[in-house]
Amino acid sequence: MKKAIIAPVLALLVTTACSPMQSYKEEGAKTEPAAHENKRDVRDNLFGHGIINYHLTKNEPRNSYSFDTNMNPSDYRTMNSTRFDLSDDQDMIRQAVIDASGINPQMVTINGNYAHIHINVPHDMSKKERAATHRKIMNAVERAVPRYNFSLKIDD
């Protein structure tokens with residue numbers, strides 16, 4: 001019996017305690033008072049507007065765009081369009097190395113704005129030939145994909 005009386009009274013107290021008695025609009029203000037206007041009102045600074053005034057803090061967008069504003073190249077909203085990604089850059093670097101030197105690169109990795117290239121050359125290649133190969137490859141990859149800083153490692 002006590003539970004039947006206490007539960008509705010408690011529900012009534014909880015719901016009436018959360019709603020404001022009168023809106024700030026009824027007082028003639030055009031905008032809602034900010035929480036920081038009264039320095040002594042710590043409750044509003046800590047807890048904000050609360051659920052009852054959520055509609056006041058959720059602003060509708062002012063600009064309406066007729067196009068997709070998300071220009072993230074990694075976003076796959078539609079799977080039917082061809083996208084440019086890092087593997088395309090790696091393929092361009094590999095092809096530039098092959099075109100410049102005729103050597104297929106062992107490994108091409110991209111980390112941020114750094115591209116690392118590893119190639120294997122024959123053991124009998126002289127230091128002059130290695131330096132010339134290094135210059136040719138670096139010039140070719142910098143022309144092919146100029147957005148990266150390259151490091152080239154030549155192994156035997």
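Search the whole structure and you find one aromatic pair; rings of Phe, Tyr and Trp (its six-membered ring) count as a pair if their centres lie within 6.5 Å.

A quick word on what you're looking at. This is a predicted model, where local features need pLDDT of at least 70 and side-chain atom pairs count only at pLDDT 80 or more, though totals for chains, interfaces and linings use all residues. Residues are numbered from 1 along each chain as its sequence is written, and side-chain values use heavy atoms, leaving out hydrogens and water.

Leaving aside neighbours within four places in sequence, Phe150 is in contact (heavy atoms within 4.5 Å) with residues including Ile93, Ile117, Met138 and Val141. Phe150 also belongs to the largest nonpolar core, which has 20 residues; such a core is a set of buried Ala, Val, Leu, Ile, Met, Phe, Trp, Tyr and Cys residues joined through side-chain atoms within 4.5 Å. Helices α4 (86-101) and α5 (127-144) and strands β1 (107-111), β2 (114-120) and β3 (149-155) each supply at least two residues of this core. The biggest giver is α5, with four residues. Those helices (H or I, at least four residues) and strands (E, at least two) are DSSP runs, numbered from the N terminus.

On to charges. The structure holds four salt bridges, each a side-chain nitrogen of Lys or Arg within 4 Å of a carboxyl oxygen of Asp or Glu. One of them joins Asp89 and Arg147, whose closest N and O atoms are 2.8 Å apart. That pair links distant parts of the chain, with Asp89 in helix α4 and Arg147 58 residues away in the loop between α5 and β3. Asp89 is buried, at 3% relative accessible area, whereas Arg147 is partly exposed at 48%.

Another salt bridge has Arg130 meeting Asp156, at 1.9 Å from N to O. Arg130 sits in helix α5 and Asp156 in the segment after β3, so the pair ties together parts 26 residues apart in sequence. Asp156 also lies 6.0 Å from Pro122, C-alpha to C-alpha, although 34 residues separate them in sequence. Pro122 itself is in the loop between β2 and α5.

Terms used
Buried means under 20% relative accessible area, exposed over 50%, partly exposed in between (1.4 Å probe, protein chains only). Rings of Phe, Tyr and Trp (its six-membered ring) pair if their centres lie within 6.5 Å; planes under 30 degrees apart count as stacked, over 60 as edge-to-face and the rest as tilted.
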